[in-house]
Amino acid sequence: EGIAFYNGYEVKTQGDSFMVAFRSPQIALAWAVDIQEKLLSLDWPEDILAHRSGAEVPADPASTTPKMPWIFRGLRVRIGIHTGTPDVEYNPRTQSVDYFGPSVNCAARVEALAAGGQVLLSEETADLVSSLVEPGAVQFIHMGSFNLKGIVASVGIVQAVPARLSDRTFPPLAPATAVLEEPRHEPGGLQICEKCTRPMLCDHCDRKAKSR
């Protein structure tokens, strides 16, 4: 239903993953943000809410900005977005079109870096959409450059944080594959911890690390 609303194309499923294509990176990001918010309001079974990975985590009541009632609730879905032109192949058995090639591989690797409830974009995609998003609706945090399996060049990774879910925190992104570089932040955004790539001020480490 959510994919159809944004005119997305469900290319295929693999295990519990969905591969979805959209007409533009802006639409893909809008879908990703919408999904993260709507998942919080679903009527989740009690056994999921009782599990530590699906438990309700309320938003900070002291926050002065508009928030969702929870920052986590129910299944936590990770999303990775990359932009490119895929190779296309028609499958006569399923009578559908499959996408493959370097751009598809990159999207899969970006998604694999994410934690549940996290939306990650390749820097290439973030550059295309950051100026098109309503001011203040989404914060873009540069997480660094990473060597991704099967991808020749390192890929810049950007986290997209919906404003109403800005209290969400996540573990570091695969530090073993990180390419060391200076932390960066968008104007008005959050600086990134030198050690663990969490937003400053970081409660995860001592912020005195010499490397990630």
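**Close-up views of a predicted model**

**View 1. Asparagine 7 sits in the loop between helix 1 (2-5) and strand 1 (9-14).** Helices (H or I, at least four residues) and strands (E, at least two) are DSSP runs, numbered from the N terminus. This is a predicted model, where local features need pLDDT of at least 70, side-chain atom pairs count only at pLDDT 80 or more, and totals for chains, interfaces and linings use all residues. Residues are numbered from 1 along each chain as its sequence is written, and side-chain values use heavy atoms, with hydrogens and water left out. Asparagine 7 isn't a glycine, yet its phi is positive, about 55°. With 60% relative accessibility, asparagine 7 counts as exposed (buried is under 20% relative accessible area, exposed over 50%, partly exposed in between; 1.4 Å probe, protein chains only).

**View 2. Aspartate 98 and lysine 12 form a salt bridge.** That's a side-chain nitrogen of Lys or Arg within 4 Å of a carboxyl oxygen of Asp or Glu; here the closest N and O atoms are 3.4 Å apart. Aspartate 98 is in strand 7 and lysine 12 in strand 1, so the pair ties together parts 86 residues apart in sequence. Aspartate 98 is partly exposed at 23%, and so is lysine 12 at 28%.

**View 3. Arginine 73 and glutamate 56 meet in a salt bridge, 2.9 Å from N to O.** Arginine 73 lies in the loop between strand 4 (70-72) and strand 5, and glutamate 56 in the loop between helix 3 (46-50) and strand 3 (57-58). Arginine 73 is buried at 11% relative accessibility, while glutamate 56 is partly exposed at 40%.
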